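Visitor: I would like to go through this model, starting with its pocket and then its helix packing.
Guide: Here it is.

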Amino acid sequence: MSDEYQYHSTDLDLTGDPAEGNWSIRCTDVHKRLGGVSVLNGLTVAIPDDTITAVLGPSGTGKSVLIKHLIGLMFPDSGDVVVHGESVPKLTMPKLLALRQRIGVLFQDGALFGSMSVFDNVAFPLRQHTDQGEAEIARVVTERLTDVGLVDAMDDSPSQLSGGMRKRAGFARALVMEPDVVIFDEPDSGLDPVRTALLCELIQEMHSLHGGTYIVVTHNIASARQIGEYLAVLWKGRIVEAGNAERMFSSENAFVRQFLSGSAEGPLTMD
Ligand SMILES: Nc1ncnc2c1ncn2[C@@H]1O[C@H](COP(=O)(O)OP(=O)(O)OP(=O)(O)O)[C@@H](O)[C@H]1O
Ligand SMILES: [Mg+2]
């Protein structure tokens, strides 16, 4: 009988400090069933502080569901999710809302409001969550739009932008509250290889400028290689292996090797 989890590490060490500093996020033995299916099945992972972590894994393996647990859009059936020392499932609604303000999320399609200009999209969190005046808001929004190279498009509506520009606008909006944690759900989906590389470069630049915990969910090995300092490989709702990029790219684990080399040979098959 084959063991579904034979390739998954059992000794994911969550007690030690990674070389880069402290852990800012820890998930411990998280289980989550959705629609009668076990999606997260004993997921344990720690994400280092002030580092770009790439979360990699095949389609439908629970990456987006994991992200929803980090921002408290979903809660575990069992297990714990701790962000900056606070257990997300135990937070009261006001505390959860406060935590979410410290997390910037870039959703797959940028998730911009179609009826608002680029400027108003980026200004939205500031208008919603702060009492900053319009002059201060304009200063901050212009700065972030300059960072992502969209200052000339601030009056455009999202429908006038290319896919790459929409992602950059979403990125500017994710950064506007000066978050400690920034999460990107497949920032490279739908982009050509050159624009993907440019977006990754932008993510790196913003990280070196603002610091913080960056989590980039991707299936794109080139992106992971380009920007991932720490890598976590997810499969079947559980972490197969996690570690510093250098170690992961020379992993002995058959699944990790297959996935990181994009090979047809290995434990991952079509079914
Ligand atoms: N709200 C939901 N209700 C029922 N099932 C769900 C729900 N959300 C996700 N799922 C299921 O959970 C599994 C994992 O989904 P998830 O979106 O996390 O995958 P993913 O790893 O992000 O995949 P992709 O790389 O394609 O984005 C899928 O089988 C999906 O159908
Ligand atoms: Mg997803």
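Visitor: How do the residues of the lining of the largest pocket divide into nonpolar, polar and charged?
Guide: This is a predicted model. The largest pocket has a volume of about 530 Å³, and 18 residues line it. By class, its lining has two charged, four polar and twelve nonpolar residues.

Visitor: Which elements give two or more residues to the lining of the largest pocket?
Guide: The residues nearest the centre of the largest pocket are Arg-100, Ile-103, Val-105, Pro-125 and His-129. The elements that give two or more residues to its lining are helix 2 (93-101), strand 6 (103-106), helix 3 (118-129) and helix 5 (163-175).

Visitor: Is helix 3 roughly parallel or oblique to helix 5?
Guide: The two helices pack with their axes 7 Å apart, at an angle of about 30°. Angles under 35 degrees count as roughly parallel. Helix 3 is therefore, relative to helix 5, roughly parallel.

Visitor: Which residues in helix 5 meet helix 3, and how does that contact divide by class?
Guide: From helix 3, the residues are Val-118, Asn-121, Val-122 and Pro-125. Their partners in helix 5 are Ala-169, Ala-172 and Arg-173. By class, the contact of helix 3 with helix 5 has one charged, one polar and five nonpolar residues.

Visitor: Is helix 3 oblique or roughly parallel to helix 4?
Guide: Helix 3 and helix 4 (residues 134-147) have axes 9 Å apart and pack at an angle of about 120°. Roughly perpendicular covers 65 to 115 degrees, and roughly antiparallel needs over 145. Helix 3 is therefore, relative to helix 4, oblique.

Visitor: Which residues of helix 4 make the contact with helix 3?
Guide: Helix 3 passes helix 4 in a right-handed crossing. On the helix 3 side the contact is made by Val-118, Phe-119, Val-122, Ala-123, Leu-126 and Arg-127. The contact of helix 3 with helix 4 has ten nonpolar, no polar and two charged residues.

Visitor: Is the crossing of helix 5 and helix 6 left-handed or right-handed?
Guide: Helix 5 and helix 6 (residues 193-210) pack at an angle of about 15°, and their axes are 12 Å apart. The two are therefore roughly parallel to each other. Their crossing is right-handed.

Visitor: Which residues in helix 6 does helix 5 meet?
Guide: Helix 5 brings Lys-167, Arg-168, Phe-171 and Leu-175 to this contact. The residues in helix 6 that they meet are Leu-199, Leu-202, Ile-203, Met-206 and His-210.

Key: Residues are numbered from 1 along each chain as its sequence is written. Chains are lettered from A and ligands numbered from 1 in the order in which they are written. This is a predicted model: local features need pLDDT of at least 70, side-chain atom pairs count only at pLDDT 80 or more; totals for chains, interfaces and linings use all residues. Side-chain values use heavy atoms; hydrogens and water are left out. On a 1 Å grid over the protein atoms alone, a cavity is a set of points where a 1.4 Å probe fits but cannot get out, and a pocket is an open set with protein on both sides within 12 Å along at least five of seven lines; lining residues have an atom within 4 Å of a point. Grid points are joined across faces, edges and corners, and a volume is the space filled by probe spheres set on the points. Helices (H or I, at least four residues) and strands (E, at least two) are DSSP runs, numbered from the N terminus. Ala, Val, Leu, Ile, Met, Phe, Trp, Tyr, Cys and Pro count as nonpolar, Asp, Glu, Lys and Arg as charged, and the others, Gly among them, as polar. Axes are lines fitted to C-alpha atoms, for helices over the stretch in contact, and angles run from 0 to 180 degrees between N-to-C directions. A crossing is left-handed if the near helix is turned anticlockwise from the far one by less than a right angle, and right-handed if clockwise. Contact means heavy atoms within 4.5 Å.
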